[in-house]
Amino acid sequence: MLFLSFFTGWRMAHRVIVDECQRLGGFFVRRGEFHCISTLQMWLMHESPHQRIYVAGPMSGLPDMNYTAFHEAAARLRAKGWHVENPAENPDPHVDASCHWTAYMRMGVSQLMTCHAIYLLPGWQQSKGASLEYLIAQRLGLQIMQHHQQEDVLQEWLGELVDAAPSMRPAAIAAISTQGVA
């Protein structure tokens, strides 16, 4: 009976420690083993077969937390061969509402630390979380990519302009013709 109570107490204490470490972002647990996040981060940086990139941008106060923009950026980057760390794919931290933002930021910064680059969505400058992630990435020397400066995005926008041009062309030609007559 003594052994059973000791074993049950140990298992409960272990579960509490595991939950707390995961909540604080300091450790992760696999098969009962604790692993330091910094060791994991170094392994991911050097052993990852693909370049790792973190998507950052505004979330708070936007419809659906701006997840659509995050998912579209992640799909674009994955198509280019990046391993994407997308905070919009993170699980709910299951914490008190007063520290919800903080818990998400802890997860995000831990992910950012495993990456080679950061991809900034439009409006990131107005987001306190994305601005913090940018500052960390900049100080760590990560490659910084802004959505609106990427070649595939520019090509897509150019395509949209060309598609819209035929409908505008007759009006533009008419305007030029009338100006030339006068």
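Mentor: Let's settle one term first: buried means under 20% relative accessible area, exposed means over 50%, and partly exposed is in between, using a 1.4 Å probe and protein chains only. Keep in mind that this is a predicted model, where local features need pLDDT of at least 70, side-chain atom pairs count only at pLDDT 80 or more, and totals for chains, interfaces and linings use all residues. Residues are numbered from 1 along each chain as its sequence is written, and side-chain values use heavy atoms, with hydrogens and water left out.

Start with Leu 77, which sits in helix α3, residues 67–79 (helices are DSSP runs of H or I with at least four residues, strands are runs of E with at least two, both numbered from the N terminus). With a relative accessible area of 1%, Leu 77 is buried. Skip its neighbours within four places in sequence, and Leu 77 is in contact with Ile 53, Val 55, Trp 82, Val 84, Tyr 119 and Met 145; contact here means heavy atoms within 4.5 Å. Ile 53 is 24 residues away along the chain, yet the two C-alpha atoms are separated by 8.2 Å.

Now the wider picture. A nonpolar core is a set of buried Ala, Val, Leu, Ile, Met, Phe, Trp, Tyr and Cys residues joined through side-chain atoms within 4.5 Å. The largest one has 15 residues, and those touching the most other members are Ile 53, Val 55, Leu 77, Trp 82, Val 84 and Tyr 119. At least two residues of this core come from each of β3 (52–56), α3 and β5, with α3 giving the most, 5 residues. Apart from it lies another core, of 11 residues, including Ile 118 and Trp 124.

Two of Leu 77's contacts, Tyr 119 and Met 145, also meet across a sheet: Met 145 in β6 is the bridge partner of Tyr 119. Their strands, β5 (residues 117–120) and β6 (residues 143–146), pair in the parallel sense over 4 bridges; DSSP has to find at least two bridges for strands to count as paired. Together with helix α5 (residues 128–139), β5 and β6 make a right-handed β-α-β unit. Right-handed means that, with the strands pointing away from you, the path from the first strand over the helix to the second runs clockwise.

As for Trp 124 in that other core, its relative accessibility is 8%, so Trp 124 counts as buried too.
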